[in-house]
Amino acid sequence: MTVKGNISDADGEPLMGASVLVKGTATRVVADFDGNYSIAAHSGDVLVFTYIGCEPKEIKVGSQSVVDVVLESSETLLNEVVVIGYGTVKKQDLTGSVSSISSATITDRKQSMLSNALQGAMSGVTVTRSGSGPGSSADVLIRGITTIGDSSPLIIVDGVPADNLNDINPQDVESLTVLKDGASAAIYGSRAAAGVILITTKRASDGKVSMSYSYEYGYEKPTTQPDYVDVKRYMAMTNELRWNDSGNGSEHFPTYIQAVIDNYDELHANAPDSYPDTDWRGMLMKNHSNRQSHNFRISGGTARIRTNASIGYDYADGLYAHKDYARFTARMNNDIRINDWISAAFDVNVKRSTGNDPAYNPMYASYIMPKVYAARWADGTNYIRIPVNTPRFTVSAAKDYKLVSVKTGDRDLTITDNEAVVECTPTSVITITSMHINTGIGEIAADGIAEPVYYNLTGNRVFNPVKGSLYIVVTGNQVRKIIL
């Protein structure tokens with residue numbers, strides 16, 4: 001059934017923008033300019049009516065199809081104390097544009113970064129996240145970009161300017177107020193041209209001693225991922241690309257022959273090393289990432305001195321290896337009353353954060369790397385294997401580099417004059433299990449090969465190398481990594 005009605009205040013004025021929600025569901029509508037609404041509901045449902053500055057009201061739906069509602073002003077909201085530049089004031093006495101949120105709102109969002117906890121919490125405050133990985137923060141703007149220079153707001157923590165909003169543990173925040181217009185932020189001068197964020201941290205009370213510890217654990221899973229063509233479709237599309245690039249000649253299969261494409265499934269099943277079908281994203285990405293948060297707080301004091309001390313630790317790992325973030329925070333707020341006329345506050349805040357992030361984003365590589373290239377051999381190893389048809393195989397470092405160690409199989413080679421020589425028989429396959437060079441990319445040198453032979457990074461021979469890709473190229477008496 002459809003329930004209609006009108007929402008107004010105690011004076012009969014329509015409340016445009018009032019919200020109507022079917023309790024326990026996601027069904028929600030907003031009242032129009034005249035306060036009218038229409039919502040789908042069933043008999044027995046409970047409708048929740050809310051409006052800023054008014055007490056919420058719940059009404060159970062019966063057989064009636066028309067429900068008119070009058071919302072009363074909220075004395076609690078109007079009497080709420082807000083921190084501003086000159087001190088504190090009740091909301092009902094405010095003349096400037098000010099928004100505030102409490103500590104409960106911030107902690108309920110379960111965010112380790114304070115900037116992320118502000119997203120969607122206040123009107124006029126734009127929060128743009130830099131990413132979703134561990135340690136990612138957000139840029140906060142008040143009423144958008146206000147200058148061609150720096151539009152970042154001024155941050156004040158307990159009366160002291162701060163450089164970074166994320167230096168504060170969200171669990172330490174008592175209240176957060178945003179001064180959005182020139183009138184409310186005027187006390188701070190030109191530094192407040194882009195707005196002011198005022199943060200008040202938690203402090204101890206007289207004669208009360210408390211101790212608390214909280215632990216949170218969660219995990220994150222990837223939701224929707226883009227789909228990609230399979231290996232056979234990739235080869236067909238590559239052929240079409242090369243055919244178009246070569247002027248649409250008579251050779252319709254310039255890179256991958258038709259027999260390989262048509263029989264690739266069978267070829268892969270019989271010889272996976274030569275005909276790979278690699279799920280790059282599945283190899284790199286975990287099923288989920290973990291995060292945890294520990295917070296310990298002790299608070300107490302007398303009429304003369306009060307202390308509130310807290311310690312926090314946050315850790316989150318990424319959806320792929322070698323990606324994580326850890327942060328340790330400690331804060332101690334001390335209030336000292338020397339006599340009836342003199343008092344002092346001594347606050348200390350410490351933060352230490354560490355993060356691991358690969359120099360190259362492997363997820364981007366997994367998106368663009370074709371499945372036709374192997375990541376490892378069928379036996380699970382990923383060593384470089386190069387066929388050699390001469391009795392000598394020489395490994396050397398590139399110019400100005402030093403060859404530190406080379407291992408083939410489980411044998412360490414002897415290094416002389418920055419070279420290591422392997423004695424082998426014709427048709428041998430050299431397996432380089434590790435090679436350590438003190439800097440840069442090294443070279444591999446082999447004897448007696450006249451024509452260029454291309455291998456991918458797993459040692460599979462490539463008969464039609466693609467320009468712009470990385471290969472191991474055997475030519476003359478050298479084998480080196482190059483990008484065509």
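Residues are numbered from 1 along each chain as its sequence is written, and side-chain values use heavy atoms, with hydrogens and water left out. Because the model is predicted, local features need pLDDT of at least 70 and side-chain atom pairs count only at pLDDT 80 or more, while totals for chains, interfaces and linings use all residues.

Strands here are DSSP runs of E with at least two residues, numbered from the N terminus, and two strands pair if DSSP finds at least two bridges between them. Four strands make up an open sheet in the order S3-S2-S5-S6, with antiparallel pairing. Strand S3 (28–30) and strand S6 (57–60) lie at its edges and have a single partner strand each, so one side of each has no neighbour in the sheet. Strand S2 (residues 19–22) is joined to S3 by three bridges, and Val-20 has Val-29 in S3 as its bridge partner.

Elsewhere, a nonpolar patch on the surface includes Met-211, Tyr-215, Phe-296 and Phe-328 among its residues, with about 1100 Å² of accessible area for the whole patch. Such areas come from the Shrake-Rupley method with a 1.4 Å probe, and for residues only the protein chains shown count as cover. Strands S17 (210–220), S18 (289–301) and S19 (305–317) each supply at least two residues of the patch, and S17 gives the most, with five.

Terms used: Patch = residues over 30% accessible without salt bridge, like charges linked within 9 Å, V, L, I, M, F, W, Y side chains within 5 Å. Salt bridge = Lys/Arg side-chain N within 4 Å of Asp/Glu carboxyl O.
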